[in-house]
Amino acid sequence: MSIIKLHDKYFKNFISKEEIDLAVKSVATQISNDLKDEIPLFIAILNGSFVYAADLLRHYPGQCEISFVKLASYEGTNSTGSIKNLIGLNGDVKDRTVVILEDIVDTGNTLQEIFSLFEDKKVKQLKIATLFLKPDVYKKELPIDYIGMSIPDKFIVGYGLDYDNLGRNLPDVYQLTSLKMKNIVLFGPPGAGKGTQADLLKNIFNLIHISTGDVFRQNIKNQTELGILAKSYMDDGNLVPDEVTIDMLKAEVEKNSTAKGFIFDGFPRTESQAKALDLYLNEKGETINGMVALEVPEDILVSRLLERGKISERPDDQDQEKIRTRFNEYNTKTAVLKDYYFTQGKYFGINGVGSIEEITNRLKVVVEQL
Ligand code: AMP
């Protein structure tokens, strides 16, 4: 499963592009079988049907023409609202066999508008070919000649259909879903204050805090196999290999099966960790709600780490060379994750300079909304 975010909502896979393609092909074949030697005039109803129309035409075996009509509800997503005609019919349709291409028919309001548009146009025949039909909500008596797929009454996006203008470019169709968890990636370079802030945030939002660095250090202290393996990398300021870290992270999540969500601190640190985390959460019907990044200039970070090194006794905090290696690892492997989450609409940068309380308050405002 994959879960995507559009504006404030989450959507999960519903109909694959392969299934859609079969449905589109089948509609094209049925139409050409029925119309035999006629040259139909396809009229696609914009915006939603532009992808469907383009694919259907390329599957249509005979000769055909296409034109477009644009209708829209007055009020954004409210399909019960009145419909207005934005791009009208152009050209003569008299005596033509017109096939209307609709991406989806739900209540049938748009369909009714289409029928009235053609009432006095003296077409030879008017056929309707919808890709999707929601039979549970379709309340009109108007005939629908071709149906690619009947679907339950779910809000869907993708393959030309949108949620508030986003999602039309998705090749598959997704349905609205709600998440049970709030999963946050707390992000930032070494010394940004992730650990301190995660400790405070976990109580405010009742989340489980997983710091991969802390888990490794605990393992080193207990001299476990994992600890012995991780120590050589950590002491030099290098990243522990992905497979080891990913398995450990999953084990930590599994330990908290009833959690309302997690604050991931120090994970993911590479793109392959981020992908593995997405896959893993998606299998549970969950996802990362957002990456919240503490932004702090590098000179402040170095002095914070050296200060911390005096009391924490962390070997990787105590020497400038190791700190430099950690920054280098961050800049070459971890910083790219900003783009990874940004393209998903999930990146939230936060000024990480100020008092602990000031920064917590900034974080709180963002995390509350995720
Ligand atoms: P931290 O406490 O987050 O600064 O992590 C300390 C060290 O633990 C890092 O420098 C790495 O050696 C190791 N480590 C922590 N998290 C990860 C991760 N996600 N991937 C690889 N190594 C990690």
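Author: Happy to. The histidine to start from is His209, and its place is in strand E12, which covers residues 208–211. Keep in mind that this is a predicted model.

Is His209 buried or exposed? Its relative accessible area is 18%, and because buried means under 20%, His209 counts as buried. The side chain of His209 also has a polar partner: a polar contact of 2.8 Å joins it to the side chain of Asp265.

Now to a pair of helices. Helix H5 spans residues 212–221 and helix H7 spans residues 242–254; their axes come within 11 Å and cross at roughly 95 degrees. An angle from 65 to 115 degrees counts as roughly perpendicular, so H5 is roughly perpendicular to H7. On the H5 side, the contact is made by Thr212, Val215 and Phe216. On the H7 side, Thr245, Met248, Leu249 and Glu252 take part.

Next comes the nonpolar packing. The largest nonpolar core has 28 residues, and the members that touch the most others are Ile31, Tyr52, Leu101 and Phe132. Which elements give two or more residues to this core? They are helix H1 (17–35), strand E3 (41–46), helix H2 (50–59), strand E6 (97–105), strand E7 (125–133) and strand E8 (146–150). H1 supplies the largest share, with 7 residues.

Beyond its neighbours within four places in sequence, Leu101 is in contact with Phe42, Ile43, Ala44 and Ile45, with Ser49, Tyr52, Ala53, Leu56 and Leu57, and with Ala129. There is also a second, separate core of 24 residues, whose members include Phe187, Val253, Met291 and Ala293.

Finally, a sheet to trace on your screen. Four strands form an open sheet in the order E1-E2-E10-E9, with antiparallel pairing. Strand E1 (3–6) and strand E9 (156–157) are the edge strands, each pairing on one side only. Strand E2 (residues 9–15) and strand E10 (residues 173–177) pair over 5 bridges, in the antiparallel sense.

Terms used. Residues numbered from 1 in each chain as written. Predicted model: local features only at pLDDT ≥ 70, side-chain atom pairs only at ≥ 80, totals over all residues. Heavy atoms only, no water. Core = buried A, V, L, I, M, F, W, Y, C linked by side-chain atoms within 4.5 Å. Buried < 20%, exposed > 50% of the residue type's maximum accessible area, 1.4 Å probe, protein only. Contact = heavy atoms within 4.5 Å. Pairing = 2+ DSSP bridges. Polar contact = N/O pair within 3.5 Å; in protein donor to acceptor, adjacent residues only side chain to side chain. Axes fitted to C-alpha atoms, helices over the stretch in contact; angles between N-to-C directions. Parallel < 35°, antiparallel > 145°, perpendicular 65-115°, else oblique.
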